[in-house]
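The following exercises concern one protein chain, and each is followed by a worked solution. Please examine the sequence and the structure before reading on.

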Amino acid sequence: MIRDAISTDAGVMVDIYNHYIEHTIVTFEEAVISESEMASRLSETVSSGLPFLVAEHEDKTVGYSYASPWKGRCAYRYSVETTVYLAPHMTARGLGYALYQALFSQLRESAFHVAIAGIALPNAASIALHEKCGMQKVGHFAEVGFKFGRYIDVGYWQLSL
């Protein structure tokens with residue numbers, strides 16, 4: 001089941017996200033965040049009129065997806081950056097795809113025009129997910145991130161909604 005995220009989801013979402021902070025290059029954050037910080041991010045997203053969704057499996061939150069403004073300038077107002085995170089034991093089950101389809105549907109209903117996703121590279125699974133959702137690679141920045149003692153490339157995928 002996919003539904004709108006609520007403040008009580010923050011604890012599970014922060015557990016999912018902190019795993020990626022501590023163990024992967026998927027996010028460029030390097031220090032784990034608190035449940036209150038995750039709740040604040042959720043509140044900020046929703047109060048700005050953007051969707052923040054969670055996926056449930058057997059009545060437990062196992063993933064989430066949301067949109068955030070692409071850039072701060074007014075002319076970018078119809079473009080958003082999208083993000084999806086799944087509990088590590090719930091990957092490769094179609095949940096990321098389902099979350100993105102629900103997210104894209106809400107974005108279309110709100111008259112957004114373009115969804116953009118940044119992917120730290122290499123990440124074959126994330127590339128496959130984004131391309132399955134119809135996103136196309138539109139850019140590649142070499143060595144723009146630095147985590148775990150090495151430089152990391154970032155690719156950008158885009159979908160016209």
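**Exercise 1.** In which strand is Glu 143 found?

*Solution.* The model is predicted, so that local features require pLDDT of at least 70 and side-chain atom pairs pLDDT 80 or more, while totals for chains, interfaces and linings use all residues. Residues are numbered from 1 along each chain as its sequence is written, and side-chain values use heavy atoms, without hydrogens and water.

Step 1. Glu 143 belongs to strand β6, which covers residues 136-147. Helices (H or I, at least four residues) and strands (E, at least two) are DSSP runs, numbered from the N terminus.

Step 2. Glu 143 is exposed because its relative accessible area is 52%. Here buried means under 20% relative accessible area, exposed over 50%, and partly exposed in between (1.4 Å probe, protein chains only).

Step 3. Although Glu 143 is not a glycine, its phi is positive, at about 55°. Most residues other than glycine have a negative phi.

**Exercise 2.** Locate Phe 148 and Pro 122, and describe the backbone at each.

*Solution.* Step 1. Phe 148 lies in the loop between β6 and β7. Its phi is near 55°, a positive value in a residue other than glycine. Phe 148 counts as partly exposed because its relative accessibility is 46%.

Step 2. Pro 122 occupies the loop between β5 and α4 (124-132). The peptide bond from Leu 121 to Pro 122 is cis, with omega near 5°. Most peptide bonds are trans.

**Exercise 3.** How many helices and strands does the protein chain have, and in what order do the elements run?

*Solution.* Step 1. The chain has four helices and seven strands.

Step 2. Read from the N terminus, the order is β-α-α-β-β-β-α-β-α-β-β.

Step 3. The overall dimensions follow. Along its principal axes the C-alpha trace spans about 40 × 35 × 30 Å. The radius of gyration is 15 Å, which agrees with the value near 15 Å for a compact globule of 161 residues. This radius is taken over C-alpha atoms, and the globule rule is 2.2 Å times the number of residues to the power 0.38.

**Exercise 4.** Which residues have the most contacts inside the largest nonpolar core?

*Solution.* Step 1. The largest nonpolar core has 41 residues, and those with the most contacts inside it are Met 38, Tyr 64, Tyr 100 and Phe 104. Such a core is a set of buried Ala, Val, Leu, Ile, Met, Phe, Trp, Tyr and Cys residues joined through side-chain atoms within 4.5 Å.

Step 2. Several elements each supply at least two residues, among them α2, β3 (60-69) and α3 (95-109). Helix α1 gives the most, with seven residues.

Step 3. Apart from neighbours within four places in sequence, Tyr 100 is in contact (heavy atoms within 4.5 Å) with residues including Ser 65, Val 84, Leu 129 and Cys 133.

**Exercise 5.** Asn 18 and Phe 28: is each buried or partly exposed?

*Solution.* Step 1. Asn 18 is in helix α1. Asn 18 counts as buried because its relative accessibility is 12%. Not counting residues up to four places away in sequence, Asn 18 touches Val 32 and Ile 33.

Step 2. Phe 28 lies in the loop between α1 (10-23) and α2 (35-47). Phe 28 counts as partly exposed because its relative accessibility is 36%.
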